[in-house]
Amino acid sequence: MKTKFKYFLALLVMGFSFVAQTQTLDQTQLVYQGAHSARNLPGFSTWQSFTAGITGTLSQIDNGFASTMNGTATLNMYNGTGLEGTLLHSQEVTISGTNNFWQTFTISSPVAVVAEQVYTFELIPTQGGGLPDPFGIQIGGPEDTYPRGRSSFSPTWDYVFRTFVTESLGIENYSTNHEYIKIYPNPFSTQTTLEIVNHSKNAMLTLYNAIGQKVIQMDNLNGDRITINRDNLPSGLYFVHLSANNKTLSVNKLIITEN
């Protein structure tokens, strides 16, 4: 019990606050005015971009389908609009159901999203995976039904979709002082460098995951550059806490992407 209390007290001192984790409906496009005949052909995919409204962990995507089907596809998540950004996550999903049914895709590992940043989810039919050719995906337009993103079908027609975000990342309200740390690259997939601008002797660097668990701690730091290796850390959102002499110097967000 004492250990748990000390851990909670330490987080309060660092300016962190904890809240219960809840899955919240974030972005939606619910106007259904037709169907896009998606193809089950090599190299074919459909995608929809969206602007996150909540900072947290993307936990679920619902996509509207307009035809009976039973098969598999690859679900990819990217930074930015379209497929040119960093690949954040990839997994196989099952698509099955009848007309006008939502297909729910639960994200199998944490995907960090930041409010007002753009992301894209892509569906690639598995060759020989059972999906018909063509198959229908619900779509709305031609007016800009979802102005916070666009689809692979058209700049103004958007697919019918919903995104859900787990709001609490464990660490919610934190104070940041970017004068002390510069991080590059960020996001990163294998290794990143932290440059301590205003050098402090015997500093301590702690890395927390999205639910506030300590995953890395480095003590007695006296240099001005620190390397963090991904090793076995899963992709997602992390928080870098730098302190010295029992005083918090800086707290910064750090994002690890898929390899």
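A: Two strands count as paired if DSSP finds at least two bridges between them. With that criterion, this predicted model shows an open sheet of four strands, in the order β15-β14-β17-β18, with antiparallel pairing.

Q: What makes β15 and β18 edge strands?
A: β15 (214–221) and β18 (247–256) each have a single partner strand, so one side of each is left without a neighbour in the sheet. Direction ignored, neighbouring strands here are turned by 15° against each other on average.

Q: Why are β14 and β17 called a pair?
A: The definition asks for at least two bridges, and β14 (residues 203–208) and β17 (residues 236–244) have five, in the antiparallel sense, so they qualify as a pair. Within β14 and β17, M204 stands opposite S243.

Q: What makes a set of residues in this chain a nonpolar core?
A: Its members must be buried residues of the nonpolar kinds listed for a core, among them Phe, Leu, Met and Tyr, joined through side-chain atoms within 4.5 Å. The largest such core has 35 residues, and those with the most contacts inside it are F50, L58, F65, M77 and Y119. Strand β7 (residues 101–113) gives the most to this core, with five residues. Apart from it lies another core, of 21 residues, including Y180, I216, I226 and V240.

Q: Which residues is M77 in contact with, leaving aside its neighbours within four places in sequence?
A: Taking contact as heavy atoms within 4.5 Å, the partners of M77 include F50, L58, I61, L87, Y119 and F121.

Methods: Residues are numbered from 1 along each chain as its sequence is written. This is a predicted model: local features need pLDDT of at least 70, side-chain atom pairs count only at pLDDT 80 or more; totals for chains, interfaces and linings use all residues. Side-chain values use heavy atoms; hydrogens and water are left out. Buried means under 20% relative accessible area, exposed over 50%, partly exposed in between (1.4 Å probe, protein chains only). Helices (H or I, at least four residues) and strands (E, at least two) are DSSP runs, numbered from the N terminus. Axes are lines fitted to C-alpha atoms, for helices over the stretch in contact, and angles run from 0 to 180 degrees between N-to-C directions.
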